[in-house]
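Let's take a walk through a protein model together. Keep the picture open as you read, and look for each residue when it comes up.

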Amino acid sequence: MSHHTYKHVELTGSSENGIEDAIQSALTKAAGSIEHMRWFEVTDTRGHIEDGRVGHWQVTIKVGFTLE
């Protein structure tokens with residue numbers, strides 16, 4: 001069995017379309033500069049209200065990636 005060492009960073013993604021889209025937005029952006037991403041954990045969810053409705057979602061995640 002191989003052993004891995006992980007590092008994690010905290011990211012916040014936002015979307016007008018929903019929580020999953022906000023998460024994907026953060027992961028897509030991070031994939032441009034972080035290699036070997038393996039897992040994420042949602043640590044906070046919040047939203048912005050406009051005219052009594054959800055304007056957009058903000059989701060903060062921890063993203064773990066393996067170190068080489």
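This is a predicted model: local features need pLDDT of at least 70, side-chain atom pairs count only at pLDDT 80 or more; totals for chains, interfaces and linings use all residues.

Start with the strands: 3 of them form an open sheet, in the order S1-S3-S2, and the pairing is antiparallel. At the edges you'll find strand S1 (6–15) and strand S2 (37–50), each of which pairs on one side only. On average, neighbouring strands of this sheet are turned by 15° against each other, if you ignore direction.

Now look at the two pairings one at a time. S1 pairs with strand S3 (residues 53–66) in the antiparallel sense, over 10 bridges. S2 and S3 also run antiparallel, and 12 bridges join them.

Where does Tyr 6 have its opposite number in S3? Tyr 6 stands opposite Thr 66. Thr 66 itself lies in strand S3, and Thr 66 counts as buried because its relative accessibility is 10%, where buried means under 20%. If you skip the neighbours within four places in sequence, the residues in contact with Thr 66 are His 4, Thr 5, Tyr 6, Glu 35, His 36 and Arg 38.

Next, find Leu 11, which sits in strand S1. Leu 11 and Lys 62 are 51 residues apart along the chain, yet their C-alpha atoms are separated by 6.4 Å. Again leaving out neighbours within four places in sequence, Leu 11 is in contact with Ala 26, Ala 30, Val 59, Thr 60, Ile 61 and Val 63.

Most residues other than glycine have a negative phi. Which value does His 36 have for phi? For His 36, phi is near 65°, a positive value in a residue other than glycine. You'll find His 36 in the loop between helix H1 (19–30) and S2. His 36 counts as partly exposed, because its relative accessibility is 29%. His 36 has also come up already, as one of the contacts of Thr 66.

The other case is Asp 51, with a positive phi near 55°. Asp 51 belongs to the loop between S2 and S3. These two strands form a hairpin with 2 residues between them, and Asp 51 is in the turn. Is Asp 51 buried or exposed? Its relative accessibility is 81%, so Asp 51 counts as exposed.

## A charged pair

Let's finish with some side chains. Side chains of opposite charge can pair when their charged atoms come close. How many salt bridges does the structure hold? There is 1 salt bridge, and it brings together the side chains of Asp 44 and Arg 46, at 2.4 Å from N to O. That pair counts as a salt bridge because the cut-off for this kind of contact is within 4 Å.

Methods:
Residues are numbered from 1 along each chain as its sequence is written. Side-chain values use heavy atoms; hydrogens and water are left out. Two strands pair if DSSP finds at least two bridges between them. Helices (H or I, at least four residues) and strands (E, at least two) are DSSP runs, numbered from the N terminus. Axes are lines fitted to C-alpha atoms, for helices over the stretch in contact, and angles run from 0 to 180 degrees between N-to-C directions. Contact means heavy atoms within 4.5 Å. Buried means under 20% relative accessible area, exposed over 50%, partly exposed in between (1.4 Å probe, protein chains only).
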